[in-house]
Amino acid sequence: MKKKQQHGGGGDCPATRPPAAVAAAGGPSQGGGWKRRRPLSLLPFLSLRDYGFCMAALLLFCVGSLFYQLNGGPPHFLLDLRHYLGNSTYLDDHGPPPQKVLPFPSQVIYNRVGKCGSRTVVLLLRILSEKHGFNLVTSDIHNKTRLTKNEQMELIKNISTAEQPYLFTRHVHFLNFSRFGGDQPVYINIIRDPVNRFLSNYFFRRFGDWRGEQNHMIRTPSMRQEERYLDINVCILENYPECSNPRLFYIIPYFCGQHPRCREPGEWALERAKLNVNENFLLVGILEELEDVLLLLERFLPHYFKDVLSIYKNPEHRKLGNLTVTVKKTVPSPEAIQILYQRMRYEYEFYYYVKEQFHLLKRKFGLKSHIRKPRPRPEFFIPSPLETEEPIDDEEEDDEKWLEDIYKR
């Protein structure tokens with residue numbers, strides 16, 4: 001007799017499933033509710049968290065690819081950052097690194113004009129370079145402002161290879177770096193009233209400053225006694241070479257450049273100097289408003305000139321101003337001054353142009369001149385040097401030793 005088959009052994013009626021299995025399949029659970037079904041997706045084995053992570057990674061990859069294609073390669077800012085922070089594999093991946101790109105002008109040239117307060121600025125730069133850590137590059141050549149083509153190339157090469165950030169300073173006429181395939185640096189400079197500059201230089205060459213007359217005679221031994229004590233009015237009225245052109249055509253060549261025509265008084269040199277001021281100079285200041293010049297330099301180039309005004313106003317630093325006042329300075333007659341003004345008309349046209357641009361810049365920054373307005377005077381009258389505070393002046397001869405002696409005090 002055959003045994004009866006038990007339920008669940010494979011008969012017509014399906015076996016009853018346990019409650020746990022029912023709940024796992026989405027049926028009613030022991031609590032009477034229903035469990036949420038997994039969302040339908042191309043990757044059903046991922047959780048919502050894993051799915052979101054994949055989407056974020058895909059989006060990041062797309063954005064990175066876009067940057068890569070738009071820039072013709074890896075994003076430059078990532079490469080610069082990688083190089084700036086340093087990475088031992090940079091050379092292996094990309095070959096020789098480019099020059100470090102800094103977030104501020106890192107190549108600055110101060111081609112200082114003679115007798116325009118540059119000794120004051122150079123002394124400040126020595127202090128600031130120690131304070132802020134930039135590379136102050138000076139030159140042992142102080143009298144050669146006009147260079148041959150080969151000399152220009154050599155100097156530009158030496159300047160361009162200096163460690164950045166650098167500030168190079170020297171008495172030299174404007175250099176066009178782009179002409180020789182170099183990166184054009186940022187230029188700064190300071191000028192002053194042309195007649196005052198001429199008079200300061202005239203008497204300084206003869207009698208010096210705080211170092212005394214005898215000391216300065218040693219530095220200019222070739223000057224004859226009759227030349228040293230030549231009356232300034234005689235020099236001007238009798239048209240001595242020192243008091244006439246082209247010797248009086250002095251400021252414009254510093255901005256015009258190394259072209260031979262830049263040394264010829266005329267419209268060509270004047271217009272080229274104006275053009276270079278507009279295109280290559282970050283700031284050309286006026287010595288008569290030196291504090292405003294320093295304030296603007298601090299705003300434009302804070303990595304070089306931060307705190308320069310407070311240093312300049314420091315009583316210990318201001319004492320140095322009394323050491324370099326030109327001695328035995330006299331004021332020419334009004335007739336002589338008028339003749340100088342006529343001979344220096346291009347210099348004055350450039351001076352007034354720069355002064356106007358400087359005042360426009362000051363107004364942009366909300367600066368007002370603290371100089372008292374003079375009384376109305378005839379047009380030919382040029383303010384005498386005795387009316388202008390004499391800052392620490394400079395000489396086109398070797399003044400580096402003087403600066404080093406002062407700096408060590």
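1. The predicted model contains an open sheet of five strands, paired in parallel in the order β2-β3-β1-β4-β5. Two strands pair if DSSP finds at least two bridges between them. Helices (H or I, at least four residues) and strands (E, at least two) are DSSP runs, numbered from the N terminus. Because β2 (135-137) and β5 (281-286) each have a single partner strand, they stand at the edges, with one side of each left without a neighbour in the sheet. On average, neighbouring strands of this sheet are turned by 15 degrees against each other, direction ignored.

2. Residues are numbered from 1 along each chain as its sequence is written. This is a predicted model, in which local features need pLDDT of at least 70 and side-chain atom pairs count only at pLDDT 80 or more, while totals for chains, interfaces and linings use all residues; side-chain values use heavy atoms, with hydrogens and water left out.

3. Strand β1 (residues 107-110) runs parallel to strand β3 (residues 166-169), and four bridges join them. Opposite tyrosine 110 stands threonine 169 in β3.

4. Helix α5 lies across β1, β2, β3 and β4 (186-191), and runs at about 150 degrees to β1. Helix α12 (residues 267-280) lies across β4 and β5, at about 120 degrees to β5. Axes are lines fitted to C-alpha atoms, for helices over the stretch in contact (heavy atoms within 4.5 Å); angles run from 0 to 180 degrees between N-to-C directions.

5. Serine 129 belongs to helix α5 (residues 118-132). Serine 129 has a relative accessible area of 12% and so counts as buried (under 20% relative accessible area; exposed is over 50%, partly exposed in between; 1.4 Å probe, protein chains only). Leaving aside residues up to four places away in sequence, serine 129 touches Phe134 and Leu136.

6. The structure holds 15 aromatic pairs. Rings of Phe, Tyr and Trp (its six-membered ring) pair if their centres lie within 6.5 Å; planes under 30 degrees apart count as stacked, over 60 as edge-to-face and the rest as tilted. The rings of tyrosine 202 and phenylalanine 203 are edge-to-face, because their centres are 5.2 Å apart and their planes at 80 degrees. Tyrosine 202 and phenylalanine 203 are both buried.

7. Tyrosine 348 and tyrosine 351 also form an edge-to-face pair, with ring centres 6.3 Å apart and planes at 85 degrees. These two tyrosines are three residues apart in helix α18 (residues 345-364), so about one helical turn separates them. Both tyrosine 348 and tyrosine 351 are buried.
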